[in-house]
Amino acid sequence: QVQLQESGPGLVKPSQTLSLTCTVSGDSIITYPYYWSWIRQPPGKGLEWMGAIGYDGSTYYSPSLKSHTSISRDTSKNQFSLQLTSVTPEDTAVYYCARADDLVAGYFGSWGQGTQVTVSS
């Protein structure tokens, strides 16, 4: 059974870059046809899909976040990562990594437990 675990700092200062890593076990991130996503939930709001990296290394981003979001992977470590630049307090959220079984349909079959990130000086 696939397991995902987010890691990274819980506190980031405004204007800095938020960097998170998702470590995957029980499956390979190069396995067809999965897409590995980052999703966040700000306090009191719904889930927001941020972007994904595919089994083939292709990347896809939410249009609203594309200008300051980057997703990459390290296949040797079976990890994928998120970088969000120039953060503001509005980027405070619980950040989840997830495996998309059907990215187009928005079906995410496996999730990490989530990690709280607060943007504050």
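In which strand is Val-24 found? I looked this up before anything else, keeping in mind that the model is predicted, and I noted that Val-24 belongs to strand β3.

**Entry on Val-24**

I checked the accessibility of Val-24 and found a relative value of 5%, so I count the residue as buried, the limit being under 20%. I then looked for its contacts beyond four places in sequence, and among them I listed Val-2, Gln-3, Leu-4, Trp-36 and Phe-80.

**Entry on the disulfide**

I searched the whole structure for disulfides and found one. The disulfide joins Cys-22 to Cys-97, with an S to S distance of 2.1 Å. Because Cys-22 lies in strand β3 (residues 18-25) and Cys-97 in strand β9 (residues 93-102), the pair ties together parts that are 75 residues apart in sequence. I read a torsion of about 65 degrees about the S-S bond, so I describe the disulfide as right-handed. I also looked up the accessibility of both ends: Cys-22 is buried at a relative accessible area of 0%, and Cys-97 is buried at 0%.

**Entry on Ser-110**

I followed Cys-97 to one of its contacts, Ser-110, which touches Val-2, Leu-4, Cys-97, Ala-98 and Arg-99 when residues up to four places away in sequence are left out. Ser-110 has its place in strand β10 (residues 107-111), and I count Ser-110 as buried at 13% relative accessibility.

**Entry on aromatic rings**

I found eight aromatic pairs in the structure. In the pair of Tyr-32 and Tyr-55, the ring centres are 5.0 Å apart and the planes stand at 85 degrees, so I call the pair edge-to-face. Tyr-32 lies in the loop between β3 and β4 (35-41) and Tyr-55 in the loop between β5 (48-54) and β6 (59-61), so this pair ties together parts 23 residues apart in sequence. Tyr-32 is exposed, with a relative accessible area of 60%, whereas Tyr-55 is partly exposed at 23%.

I next took Tyr-96 and Trp-111, whose ring centres are 5.7 Å apart with planes at 85 degrees, so this pair is edge-to-face. Tyr-96 is in strand β9 and Trp-111 in strand β10, 15 residues apart. Tyr-96 is buried at 17%, while Trp-111 counts as partly exposed at 37%.

I also noted that ring pairs link Tyr-32, Tyr-35, Tyr-55 and Tyr-60 into a cluster. Finally, I saw that the charged end of Arg-99 sits over the ring of Tyr-34, 3.8 Å from its centre.

Key: Residues are numbered from 1 along each chain as its sequence is written. This is a predicted model: local features need pLDDT of at least 70, side-chain atom pairs count only at pLDDT 80 or more; totals for chains, interfaces and linings use all residues. Side-chain values use heavy atoms; hydrogens and water are left out. A disulfide is a pair of cysteine sulfur atoms within 2.5 Å. Helices (H or I, at least four residues) and strands (E, at least two) are DSSP runs, numbered from the N terminus. Buried means under 20% relative accessible area, exposed over 50%, partly exposed in between (1.4 Å probe, protein chains only). Contact means heavy atoms within 4.5 Å. Rings of Phe, Tyr and Trp (its six-membered ring) pair if their centres lie within 6.5 Å; planes under 30 degrees apart count as stacked, over 60 as edge-to-face and the rest as tilted. A charge sits over a ring if NZ of Lys or CZ of Arg is within 6 Å of the ring centre and within 35 degrees of the ring normal.
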